[in-house]
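Here's a quick tour of a protein model for someone new to reading structures. Have a look at the fold below, then work through the notes.

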Amino acid sequence: MELNKFWAKKSSDHGVLKWLPLEQHLLDTRFVMKMLYNQWLDDGQRNLIESSLSGGNTNPVDLVEFIATVHDLGKCIPAFSARKSFNESAKDLDEIVIGKIVNTGFSELSDYTDENAKFTKHALGSEALLNYFGVNEDIASIVGAHHGKPVDISSTVNENISTYPSNYFVKDNSENLKEKWMNIYKEVLDWALEINNYESVKDLPNIKQNVQVLLAGLLIMADWIASNENYFPLISIYDGAVEDKSSRYRDGWNAWRKSNNWTPSLNLNVDTLFSERFDFINKPREAQYNFAKIIDECTSPGIFIFEAPMGLGKTEAALVGAEIMASKLGKNGLYFGLPTQATSNGIFPRLYDWLGKVADENGENLQIRLAHGKAALNDKFESLARNIDIDGGTNVYVNEWFGGRKTTALDDFVVGTVDQLLLMGLKQKHLMLRHLGFSKKVVIIDEVHAYDIFSSQFLFTAIKWLAAYNVPVIILSATLPYKKREELIHSYTLGKGLKFGKVKKENVDFKTDSYPLVTYTDGEEIKQFQEFQKEDGKDVKIVLEESENLENLVSDLSQDKGIIGIVVNTVKKAQEISKSLAEKFGDENIFLLHSRFIDTGRAKKEEELLNLIGKEGQRPKFKIIIGTQVIEQSLDIDFDVLISDLAPIDLLIQRIGRLHRHKRENRPEKLKMPTLYVLGTSDKLEFEKGSSSVYGEYLLARTQYFLPDKINLPNDISPLVQKVYAENEIDFGSDTLNEKYYGFKKSYDALQNEKEEKTHAYMLQNPKHLISKFRSNSLIGWLSTSQIEDNLKSEVKVAAQVRDIEETIEVIAVKKIGDGYGFFDGCEDISGEIDMANISKELAKNTLRLPQSLSKPYIIDKTIKELEEYNLKHLRSWQDENWLKGSLGIIFDENGEFILNGFKLHYDNKYGLLCERL
């Protein structure tokens, strides 16, 4: 066989000519594929793959090696082998590599013209040839997808050879050439069959679709590793072959593989595991222990929905549960998904500490990754990435091979924004890698109540595919509407190939308002656990108050001082209230927090707030804390009294979670009874414009209708949420109000339907479980009608595809200092020091999201154009720095002002960014 005369890779670097024979690259990939299967995949993945094969030789190792051996069969065809280098200086290299093939007896290759080469990329060529020689469509489609996207329709494969014969045989109408080239292709295929223990293509097994996805991901991964010259280098153009193949394989694999898989203990003890993993837990709470015990007693744990109050320790319970699941199901990784970058950053140190305990106990080196757009700016994660453990003493580290946007999900332990998971349901190139990565983990998704209907559709799709891979899932939430609870369980059973109506349900009531609650699957059975000890709970008095009376209310409440919390629904309102109350109560007594601060400033303010009114905070005698929704997201703070805008009941309850959060004996006498004052209610159902814009009138109306005079936490949480999110009719007492309410409902339903419909163009189809004679069982069409471009490198753009968020503009904000500029919290001119890595990195952290009024669809292009022109003129040097490349900046003047696209922006360290139309 003359395969070692065909080339797979070539390079010309400063006159040094190198290449890699095709045979060697196929063998490199085969070796890596086998090692990934045997040493990188977990037991659960291997069991799934093995059980999915049917007919012929069902040895999974033979199969993965065969797929790797033929993946670049298409590199034999003239459309590839005659391809010229992009670099003109590589002309000599091209002549030599093509000459090797010509001198083997394929002189006609010199006559090949490449006008049609673009219609037969080598991956498609591989698939078309395998199809021609009778290889099943499932295996052929895996090979054809190894550059990230399967073909959309089977005719693309079936007709490629007949439509573009010159791409395969040099000339269109030569039977002799066709026979000659077909012989070499057949020779390669026969060689691949023989060395992988198949007598003919008829011995190849059939593969279920979900496993095809995993094998395609594994092939892409193996190909990328084998193509990395740091692991598998090219050889001199004058060498015909690699001399010591064994050493090449061993050295290449060891250079890539930094650690072994996590092997969870098979003898975990629920009674001691909490205290072993968490220094601050001597004995777990009853709800934590029960949750872990439920999982421990399952035979085949699937999806677990844990609804419990804020501050109960659901995170720790989930981590203990995840470790038990991993032990039972042979998983060797974990993904922890949260709604925002801020919540991801907040939980990263906790997971790092947990993982350190796991690694130390087992004597393993384990990999961790923080996965969101600004992870590199997180000091803890970045220090690990530079092999500096700022805490010291653990076996937890970062492997940079997994640092790419498409390889992040492949890492072992991943903490990040939930987008990473939601994207499992989005059609886009190289999706198989994401599926492969998640299929080897236990998945935890926190704060699920925060996801709207658009994101939820992608969540349901992701869960179906997780179920198809036997991935255990833990869902955490303060509480869920029963419909979402049921849909999550339904999605998982559907993904397992079970008919929801026929699944055994043991005393399961999806509509229950029992609380806390665990709803879960064990094998093919749905179960519920409600037997938690009932708490007396905490009564919270509810008082409706007019927004116009806010100042008088605060005056009355602050007679004995205390910590007064005010949470409103828009940044603008928070800023206005802060200024107004500062005039009466003194600037020093006002603290403002919202999303429109520079990121570094917001982080400092959050830390300052925790130091003021956190569990161990200094707790001043008097402070008025004003904020927006950021206050309801994972901040462990404690108000003596709370004033809040009307919001949907679940979010209102989240805010109440910051009221009398900790036991204190020294609260002001007037504030000893936990009380929530609700602003913005309306007997006429005429809600404030800002609140209506954020949440819609329908949920505000239902929340107002069911809002009682007193809420008991936690016992009233689930009943209230179920009432507000139910679809029963309610009567507001007059035809006028009822008509207005039904108008709200009609608009709400229309918007929900529109959002759900909007997902269909991008959404991945459900897994196909059965091999059918009447429809395609392969990957052909798996990503068809994809409207997602592969170059979505902005996290905001990617998130917009799965969150239905409006596009926003983020800038790096600095202020004018002398003839240059500096940080808002500093006084030094840093403009001459941005070539210093520590300065440019710190600068990159100072991002600021501009108001939505500057990024509406009809104005965003003009805004960006103005910013780009401004940056070319004033901040051109930023594009030469790694940390700043691609960023846009704004230099606010000495007064903190900047004019942009008809708006005056003003930045103030106390009030954040204010925006005024000129």
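**Confidence and overall build**

Contact here means heavy atoms within 4.5 Å. This is a predicted model, where local features need pLDDT of at least 70 and side-chain atom pairs count only at pLDDT 80 or more, while totals for chains, interfaces and linings use all residues. Residues are numbered from 1 along each chain as its sequence is written, and side-chain values use heavy atoms, with hydrogens and water left out.

**The chain as a whole**

- The protein chain averages a pLDDT of 91, and 95% of its residues score at least 70.
- Residues 388–392 have pLDDT below 50, with nine contacts in the model beyond near neighbours in sequence.
- You'll find 33 helices and 27 strands in the protein chain; these are DSSP runs (helices: H or I, at least four residues; strands: E, at least two), numbered from the N terminus.
- Along the principal axes, the C-alpha atoms fill a box of roughly 100 × 75 × 60 Å.
- Of the 918 residues, 59% are buried, meaning under 20% relative accessible area, with exposed being over 50% and partly exposed in between (1.4 Å probe, protein chains only).
- Take the contacts between residues at least 6 apart in sequence: 75% of them join residues at least 24 apart.

**His122 and the second largest pocket**

- A pocket is an open set of points on a 1 Å grid over the protein atoms alone, where a 1.4 Å probe fits and protein lies on both sides within 12 Å along at least five of seven lines; lining residues have an atom within 4 Å of a point.
- The second largest pocket has 37 lining residues, and among those nearest its centre are Arg83 and His122.
- Elements giving two or more residues to that lining are β1 (7–13), α4 (78–81) and α6 (122–132).
- His122 sits in helix α6 and is buried, because its relative accessible area is 11%.
- Beyond four places in sequence, the contacts of His122 include Asp72, Phe80 and His146.

**Leu905**

- Leu905 belongs to strand β26 (residues 903–908) and counts as buried, because its relative accessibility is 0%.
- Leaving aside neighbours within four places in sequence, Leu905 touches residues including Leu850, Phe892 and Cys915.
- Gly537 is 368 residues from Leu905 along the chain, and their C-alpha atoms are separated by 46 Å.

Notes:
pLDDT is the predictor's confidence in each residue, from 0 to 100.
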